[in-house]
Amino acid sequence: MSDVLPLFSLAGETALVTGATRGIGAAIADALAAAGATVIGTATSAAGAEAIAARLAAAGHAGRGVVLDVDDHAAIAALEADISAREGAVTILVNNAGITRDGLLMRTKPEDWDAVIRTNLGSVFATCRTFIRGMVKARRGRIINISSIVGVMGNAGQTNYAAAKAGMMGFSRSLAREVASRGITVNVVAPGFIATDMTAALGEAERNALSSQIPLQRLGTPADVAAAVLYLASPAGGYVTGETLQVNGGLWMG
Ligand SMILES: NC(=O)c1ccc[n+]([C@@H]2O[C@H](COP(=O)([O-])OP(=O)(O)OC[C@H]3O[C@@H](n4cnc5c(N)ncnc54)[C@H](OP(=O)(O)O)[C@@H]3O)[C@@H](O)[C@H]2O)c1
């Protein structure tokens, strides 16, 4: 056991998780903190940031909550300055914040296209560009971008979301090649259908129909996704880069 556990230890690491208030992001923040990382989790509101801080404190974990709109690139730069002054370089960056603005293409408004591309893909460009400098100086780092099964399968009514999520995969492979020599890995986790607020809009009948299509016969949980992120962030995942890890119960097998 003692030989196995250090493979998943994040002691001494500082992790930034965007969208850590609920759902998948909250589970990721909790898992990284439980593995020993100091976790900075972002929320879009002060109340959300306070809730993240309270959750981490209640579990006896190191970290804090901060307010961040990932569409605001100046705020990302300001957050980097704040973290560098308080915790030092971010060595694990998890881009999890995401939104949907679903609709068939013919009815998709340009503003719904722009919002999804900006929040789900533009934010990844901005955070990676901002936080990679500290990783380069530290000569180590892990970037994990949360994409979606929809980025590989497609989904009617989600052209904007699928474009952003597929874009993350190409972006991550390219960045992985740029920074591998600096000891930094860049990977993608692509969840299938996970029980969170984002999928709560589906009715029970729709959820049951979906489960019957999934080889493992159930929707995923945020903890299922967090475990994959922990693997890629930990020493155990150190030789994996430019990869997309599908966490989808077998619904799509690449
Ligand atoms: N659920 C699924 O089935 C599923 C499947 C595949 C991929 N994913 C992806 O996994 C990620 C998390 O999904 P989820 O289901 O956990 O989502 P969720 O429950 O809807 O939570 C979304 C998170 O993103 C944050 N957020 C939204 N807009 C933001 C912005 N402009 N700036 C900063 N943070 C923002 C929210 O913060 P507030 O709480 O402050 O609003 C919240 O923490 C997303 O990237 C999603 O696309 C989800």
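Predicted model: local features only at pLDDT ≥ 70, side-chain atom pairs only at ≥ 80, totals over all residues.
A polar contact is taken here as a pair of N or O atoms within 3.5 Å. A polar side-chain atom of Thr 21 lies 2.6 Å from an oxygen atom of the ligand, and a polar backbone atom of Ile 24 is found 2.8 Å from a ligand oxygen atom. In total, 29 residues surround the ligand, and the closest are Thr 21, Thr 44, Asn 96, Tyr 161 and Thr 196.

Helix H3 was examined next. The 14 residues of this helix, residues 73–86, should span 20 Å at 1.5 Å a residue, and this agrees with the model because the end C-alpha atoms are 20 Å apart. The buried residues of H3 are Ile 76, Leu 79 and Ile 83; seen down the helix axis, these buried residues fall within an arc of 60°, so they line one face of the helix. They pack against strands E1 (14–17), E2 (38–43) and E3 (63–67), and also against helix H4 (110–138). On the face of H3 turned away from the buried side, the exposed residues Ala 74 and Ala 85 are carried.

The two ends of H3 can also be described. The N-terminal end is capped by Asp 72, a side-chain oxygen of which lies 3.2 Å from the backbone nitrogen of Ala 74, whereas just after the helix Gly 88 takes a positive phi of about 95°.

Conventions: Residues numbered from 1 in each chain as written. Heavy atoms only, no water. Helix = DSSP H or I, 4+ residues; strand = E, 2+ residues; numbered from the N terminus. Expected span 1.5 Å × (residues − 1). Buried < 20%, exposed > 50% of the residue type's maximum accessible area, 1.4 Å probe, protein only. Arc of directions from axis to C-beta. Contact = heavy atoms within 4.5 Å. Polar contact = N/O pair within 3.5 Å; in protein donor to acceptor, adjacent residues only side chain to side chain. Near = heavy atom within 4 Å.
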